[in-house]
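Please look over the sequence and the model shown here before reading on. The report that follows takes up a few residues and then turns to the chain as a whole.

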Amino acid sequence: MERKRLDDNRLSFLDAIGIPPARVDAYDLSYEKTGGLATVIHRLTLTDLRPSCPNCGCLTPRIHSYTDKRIKHTSLSGKHSQLYLHHRRYICPQCRKTYYEHNPFVIRASQKISKDVVYSILDSLREPSTTFSSAAEDYGVSVTTVMNIFDTHVRMTRSVLGEYLSIDENHCFGRGADAYVCVLLDFRTQEPIDILPNRHKDELIRYFRSIPWEERNRVKAVCIDMYPIYRDAVRVTFPEDVKVCVDHFHLIKEFTQQADEVRLSVMRPIYRELQRLRREKRKLECLPDAGTAANREHIQTLDVEVQKHSRSYYLLKKFHWMIFKDPNDEIFDPGRGKKYNPSLERYMNFHEIREALCNISPVLCEVINVRGRLVELYKCPSGEEGSEKLYELIGDLRHSGIQEMRHFAGTLERWSLEILNSLDSIERYYEVQKDGGVLIRDRRIHNGIIERKNRVIKLVENTGNGYQNFDRFRNRLLYVLRKQAAYAADPVYESLKIPADSWKKEKW
Ligand SMILES: [Zn+2]
């Protein structure tokens, strides 16, 4: 170990650890192997500034003693890097008070980790994939320290409500009514407003009522999924003219579920029949008199049936997505090129494949037709213009021979007002095309953005491996989700209460 004198080379090194060279008198530097290479600064002595006595203001204190303080520091290479501050202590000749010189490396005098470590940890927690445990591992501190840093520097509060509010939920905590967290999002800015621990009606109402009325009064529309409690809670807590809208994607999801039920109800008997025919054919083939003309003919007829059923089964299994797709999509253009399908042993395009699918059962045709009418409904520029289409569709579906479609008619009817509300444009915007032309488009409120955020929430949750403290979970989520989330430079917040030992399960 050699004693370094301050020269030009040393100056930039001091800059890197965040201290002006003028503040440092001397230090020793060494590289040690303690669980990986670590940089260790020994006996860093600060310039003697002789600060006046904090007690009586005396300007001529004397040096009393030195203590070596160990401080974890990340700007140095190696995660086990340390700095030993040769900490000077003064004594006042008048009142005899002893006091330490200012320690520029830490936030609080008692801390053993540098400011730099604290801010690096806080920055790393912005990443959804970082867990409290992984941050602890990365910076060589304990999990409780990381949680404590996070709790005391970060406190995300509710944002002010905008004009357009999206409410959605995210499955988070296992099962039951508390299994969902409820996410409020400003549709325009795409920023999360708040995250609520569950979607109980009374709690939602209490929460909305806690928001000042002037703020609620500013809201023009609220977009929800098809969960009636949201509708009820919004109706009793927001002004009467607030439009409740049903998210387009959730309605289509509901339709897709019903349509898939229809597909399965067609597919199941075909599969059973296919199995039966195969069994019968095998049985016949194993008979001692399988070779007789009558039996051969029988086997042949069975074979034709087997092929017909397996083709249907294949179509329903492989091309079921066609039922849920917009029937007027360009991929169904009859003029499109054909490709050879080995299972069907023919050259076909998607149009022909869909025709073949419809030939299996007329109910599939009906479902495809309903999908098309939903697409048409959403092409209506406003709820007023869409209402005729919607009620006509509901009327037709009520008399449908398909149970699932009658069920879907009920859903449409229950949510008709909210569906029509969602057709209304909330603003106009201009879209510049590739050829330089400008299109005027209408923007509608939807929850697609929340759905994207849900992916982040899932990621955070998956890397979290379970947690017990909702406040911290919420705080962390908002910290990750908000673009402008900031932490306090000083630990100004109280630590969130955590049950003893919970950190063992809680990596968050
Ligand atoms: Zn004094």
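## Backbone, surface and overall make-up

Glutamate 345 is exposed, because its relative accessible area is 52% and a residue counts as exposed when that value is over 50%. In this predicted model, glutamate 345 sits in the loop that runs between strand 12 (339-341) and strand 13 (346-348), and its phi is near 55 degrees, a positive value in a residue other than glycine. Most residues other than glycine have a negative phi.

Arginine 50 likewise has a positive phi, near 50 degrees, and is not a glycine. Arginine 50 belongs to the loop between strand 3 (37-46) and strand 4 (62-72), and with a relative accessibility of 37% it counts as partly exposed.

A further arginine, arginine 282, is part of helix 8, which covers residues 248-286, and together with Arg278, Arg279 and Lys283 it forms a positive surface patch. The table sets out the accessibility of the residues discussed.

| Residue | Relative accessible area | Class |
|---|---|---|
| Glutamate 345 | 52% | exposed |
| Arginine 50 | 37% | partly exposed |
| Arginine 282 | 49% | partly exposed |

The chain exposes about 26,600 Å², of which carbon and sulfur atoms supply 50%. Among the contacts in the protein chain with a separation of 6 or more, 63% are between residues 24 or more positions apart.

Notes
Residues are numbered from 1 along each chain as its sequence is written. This is a predicted model: local features need pLDDT of at least 70, side-chain atom pairs count only at pLDDT 80 or more; totals for chains, interfaces and linings use all residues. Side-chain values use heavy atoms; hydrogens and water are left out. Patches are made of residues with over 30% relative accessible area and no salt bridge: like charges are joined within 9 Å, nonpolar side chains (Val, Leu, Ile, Met, Phe, Trp, Tyr) within 5 Å. Accessible areas come from the Shrake-Rupley method with a 1.4 Å probe; for residues, only the protein chains shown count as cover. A salt bridge is a side-chain nitrogen of Lys or Arg within 4 Å of a carboxyl oxygen of Asp or Glu. Lys and Arg count as positive and Asp and Glu as negative; His and the chain ends are not counted. The place of a charge is taken as NZ of Lys, CZ of Arg, CG of Asp or CD of Glu. Helices (H or I, at least four residues) and strands (E, at least two) are DSSP runs, numbered from the N terminus. Buried means under 20% relative accessible area, exposed over 50%, partly exposed in between (1.4 Å probe, protein chains only). Contact means heavy atoms within 4.5 Å.
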